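Please keep the sequence and the structure in view while reading.

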Amino acid sequence: MSETILITGANRGLGLEFTRQYAKEGNKVIACCRHIDEAKELEALQEEFSNIDIHELDITSEKAIKALQNEITQPIDLLINNAGYLESENHLGQISTESMMKNFMINAMGAFKVTEAFIDQLSKSKRKLAVAISSSMGSISENTSGGYYSYRASKAALNMLMKSLGIDLMPYGIRVLLLHPGWVKTRMGGDGAQHDPSTSVAGMRKVITNYSPKEGEVKFIRFNGEEISW
Ligand SMILES: NC(=O)c1ccc[n+]([C@@H]2O[C@H](COP(=O)([O-])OP(=O)(O)OC[C@H]3O[C@@H](n4cnc5c(N)ncnc54)[C@H](OP(=O)(O)O)[C@@H]3O)[C@@H](O)[C@H]2O)c1
């Protein structure tokens, strides 16, 4: 079945790989990125797959989100809030309000505002699924090593925002899912990471396909299908 899929942060890393895999299957992919003129790999992918539409979207800009909301009026089966940011500060004494706010603006507020903007388009679709790429680093119960204050806190906030959306969007029939991609070789994950983007994305796509929560239920699931406790 061909679906319409909107992906944020589609110019590199996991977003680019999601775009590649979904486009290859014949889905229509609305691939969003901050700077189209710099998105060379995404443009090359579009030359291979004409079912990719590229749109400019900085998820921290409410004006840009509104403009895209007005432009995309068709049903969206699957929204993948993938764009994210990791501040490298890690140790006590290094954490600034500025970096904390930047992590929150991109990782938590960005995904929240994008999802809110596309409620109508999601509710008109068949699948009606809003996904956010979170991180096991946002799990409070899995935090056994400390550090990464801004990133951890922003992903925990993302989890809470999406959990509330899962309840509030019940009347629209929209379901919500939080995913952890594993530790993946991207610019964020680094070369020493455990998994290739293709393996991680294939795993997350399988989780997305099989996702069947109860009404109002929101799950936090690893790319290999294991459920993560909050
Ligand atoms: N890689 C891992 O090991 C790992 C582990 C757990 C969770 N994750 C999560 O997986 C997601 C994808 O990460 P990745 O590994 O693919 O990272 P990445 O290679 O660093 O890519 C991040 C993407 O987010 C985009 N982005 C950042 N700020 C944005 C903004 N304000 N508006 C729109 N797009 C923005 C970037 O665009 P620009 O090119 O314009 O900067 C880029 O496309 C993130 O949410 C991340 O937190 C990754």
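Where is Lys128 found? Lys128 is found in the loop between helix H5 (119-123) and strand S5 (129-133), where helices (H or I, at least four residues) and strands (E, at least two) are DSSP runs numbered from the N terminus.

## Basis of the model

This is a predicted model, in which local features need pLDDT of at least 70 and side-chain atom pairs count only at pLDDT 80 or more, while totals for chains, interfaces and linings use all residues. Residues are numbered from 1 along each chain as its sequence is written, and side-chain values use heavy atoms, with hydrogens and water left out.

## Backbone angles in two loops

Lys128 has a positive phi of about 55° although it is not a glycine. Tyr148, placed in the loop between S5 and H6, is another residue other than glycine with a positive phi, in this case near 45°. With a relative accessible area of 30%, Tyr148 is partly exposed; here buried means under 20% relative accessible area, exposed means over 50%, and partly exposed lies in between (1.4 Å probe, protein chains only).

## The ligand and its shell

The ligand is surrounded by 28 residues, of which the closest are Asn11, Arg12, Arg34, Tyr151 and Thr186; a residue is counted here if one of its heavy atoms lies within 4 Å of the ligand. Helix H1 (13-24) and helix H6 (149-168) each supply at least two residues of this shell. By class, the shell holds eleven nonpolar, twelve polar and five charged residues, where Ala, Val, Leu, Ile, Met, Phe, Trp, Tyr, Cys and Pro count as nonpolar, Asp, Glu, Lys and Arg as charged, and the others, Gly among them, as polar.

A polar side-chain atom of Arg12 lies 2.7 Å from an oxygen atom of the ligand. Taken alone the ligand exposes 900 Å², and the protein buries 94% of that, with accessible areas taken from the Shrake-Rupley method with a 1.4 Å probe.

## A buried polar contact

Asn81 lies in strand S4 (residues 78-81) and counts as buried because its relative accessibility is 3%. The side chain of Asn81 makes a polar contact with the side chain of Thr115 at 2.9 Å; a polar contact is a pair of N or O atoms within 3.5 Å, and within protein one must be able to donate a hydrogen and the other to accept it, while residues adjacent in sequence count only if both atoms are side-chain atoms.

Gly166 has its place in helix H6 and is buried, with a relative accessible area of 4%. Gly166 and Gly15 are 151 residues apart in sequence and 23 Å apart in space, C-alpha to C-alpha.

Tyr172 lies in the loop between H6 and strand S6 (175-180) and is partly exposed, with a relative accessible area of 42%. The C-alpha atoms of Tyr172 and Ile119 are separated by 7.9 Å, although these residues are 53 residues apart along the chain. Arg175, in strand S6, is also partly exposed, at a relative accessible area of 24%. Between the C-alpha atoms of Arg175 and Leu78, which are 97 residues apart along the chain, the separation is 9.9 Å.
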